[in-house]
Amino acid sequence: MTSRLLSLLALFSALSAVGAAVKIPAVVGSVAFDVFPALLAAALLGSGVGAIVGALGHLLSALISGFPLGPMHVLIAIEMALLVFLFGVLYKKNKKNTAGILFILLNTFAAPLPFIILMSKAFYVALVPSLLIGSMINTVIAIVVIPRLRSLFKQDLMNKDVRL
C-alpha cells in the first residue's frame, strides 16, 4: 500500500466517522451515514479499501451509540466489509445498478438474519425498515457522488483493486 493510498484510506475512514455521527431517528435505533464513504472508497480505490472503511465505519457508528448490541457489532462489521467488498467488485465491472440494488437488499434482508437466532424474529422484523431506509439513503448518495469524484482521483489508483 502506498502512502498516498494509505492517506486516502484514513480520509475515507474519517469521513465514515463523521457520517456515523450524523443520525436520523429510525424504528430501531437510528440510521447513520457511515457506509456511503465506504461505498465511495470501494468504487474509487478498490474493494479491499472499501471493505476496511466499511468495517471501521460500522464500529465507529456503534461506538458513538454506546455499542447497544455489544460484541455482535464485530459480526456486523464483518458483514459490512463483505457487502462493501461485493459492491466494489460489481461497480468496477460496470454493473453499477446491480451493485447498488444488491447492496441494499443484502444489507436490509440478509445481513440481519443472524439476529433471528441471536435475538428474536420480532427484532429482525423491527430492524428491517430502518436498515432499508439507511441502505437506500447511503447507496443513493454514493451512486450520485462517485461519478463526480472520479476526476479527483488518479487513474492508476482507480484501475488497481487493492485486496485485503
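His73 sits in helix H4, which covers residues 72–92; helices here are DSSP runs of H or I with at least four residues, strands are E runs of at least two, and numbering starts from the N terminus. The model is a predicted one, so to speak of local features takes a pLDDT of at least 70 and side-chain atom pairs count only at pLDDT 80 or more, while totals for chains, interfaces and linings use all residues. Residues are numbered from 1 along each chain as its sequence is written, and side-chain values use heavy atoms, with hydrogens and water left out.

With a relative accessible area of 5%, His73 is buried (under 20% is buried, over 50% exposed, and in between partly exposed, using a 1.4 Å probe and protein chains only). Setting aside neighbours within four places in sequence, His73 touches His58, Leu59, Ala62, Phe67 and Pro68, a contact being heavy atoms within 4.5 Å.

Zooming out, the protein has eight helices and two strands, and the order from the N terminus is α-β-β-α-α-α-α-α-α-α. The radius of gyration is 15 Å, close to the 15 Å that the globule rule gives for 164 residues, so the protein is as compact as a globular protein of that length. That radius is taken over C-alpha atoms, and the rule is 2.2 Å times the number of residues to the power 0.38. Along the principal axes, the C-alpha atoms fill a box of roughly 45 × 30 × 25 Å.

Of the 164 residues, 45% count as buried. Among contacts between residues at least 6 apart in sequence, 71% join residues at least 24 apart.
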